[in-house]
Amino acid sequence: MRGHWDVAICSLLRALELSDIHQGLGRAIRMLRVQRGLSLEAFADVLERRFLISVEQGRKSLSLRSLAAISSVLQVSPSTLLLLAQAAEAGADPRVIQRHEALFLDALIADGIVMLPIPASDDLIGGVRAKRTDELKQKVQKCQRQGMTKAETVRFLRVARTTVSRYWQ
């Protein structure tokens, strides 16, 4: 997958791995709050004043529920707030990070890691083992459609004969 990335995204991710996202998130929240002219009291329905101060100073972390509530008061999406936090920590233009994130997402989709649309939880119950089983079943059936014998399929896929027999139709 790294073949899809350019050098800038790799160095940006390394910088973010070494940093504390809480500091960036606090700076992003404070910037938006001040720029929108919102006092700490504007957040009274979602967070205690002292806690919000600690978040802005990067000393406390937020739950996803609190992040969504703060985002709502700030009139931005949680993903935008996190993007701004990444930019603050990396000292980068958020538009550059956004473009790189779009490239990264495109690579995940191209590599088949992200499925579109994202499946419901019920569709992902089988987990990794079920995914591998389905892939092997498809490979066995492809070999069969191509006219290979069971023995040839065993050698080609390097699996047990019982496995090939299980998926042979």
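The model is predicted. S71, in helix α4, is buried.

**Helix α2**

- Helix α2 covers residues 21-35.
- It has 15 residues. From its first C-alpha to its last it reaches 21 Å, close to the 21 Å expected at 1.5 Å a residue.
- Its buried residues are G24, L25, G26, A28, I29, L32 and R33.
- The cover over these buried residues includes α3, α4 and α5.
- G37 follows α2 and has a positive phi, near 70°.

**Helix α5**

- Helix α5 runs over residues 78-90, 13 residues in total.
- At 1.5 Å a residue, α5 should span 18 Å. Its end C-alpha atoms are 18 Å apart, so the model agrees with that value.
- L81, L83, L84, A85, A87 and A88 are the buried residues of α5.
- An α-helix has 3.6 residues a turn, so residues three or four places apart point the same way.
- Among the elements covering the buried residues of α5 are α2, α4 (64-74) and α6 (94-110).
- After α5 comes G91, with a positive phi near 65°.

**Nonpolar cores**

- The largest nonpolar core has 17 residues. Those that touch the most other members are L25, I29, L52, L62, I70, L74 and L81.
- Helix α2 gives the largest share, four residues.
- Beyond four places in sequence, I70 touches I29, F43, L47, L52, L62 and L81.

**Serine S71**

- S71 belongs to helix α4.
- Its relative accessible area is 1%, which is under the 20% cut-off, so S71 counts as buried.
- Leaving aside neighbours within four places in sequence, S71 is in contact with V76, S77, P78 and L81. L81 is also one of the buried residues of α5.
- The S71 side chain reaches the backbone oxygen of L67 at 2.8 Å.
- S71 and I29 are 42 residues apart along the chain. Their C-alpha atoms are separated by 8.5 Å.
- I29 is itself buried in α2.

Note on methods:
Residues are numbered from 1 along each chain as its sequence is written. This is a predicted model: local features need pLDDT of at least 70, side-chain atom pairs count only at pLDDT 80 or more; totals for chains, interfaces and linings use all residues. Side-chain values use heavy atoms; hydrogens and water are left out. Helices (H or I, at least four residues) and strands (E, at least two) are DSSP runs, numbered from the N terminus. The expected span of a helix is 1.5 Å times one less than its number of residues. Buried means under 20% relative accessible area, exposed over 50%, partly exposed in between (1.4 Å probe, protein chains only). Contact means heavy atoms within 4.5 Å. A nonpolar core is a set of buried Ala, Val, Leu, Ile, Met, Phe, Trp, Tyr and Cys residues joined through side-chain atoms within 4.5 Å. A polar contact is a pair of N or O atoms within 3.5 Å; within protein, one must be able to donate a hydrogen and the other to accept it, and residues adjacent in sequence count only if both atoms are side-chain atoms.
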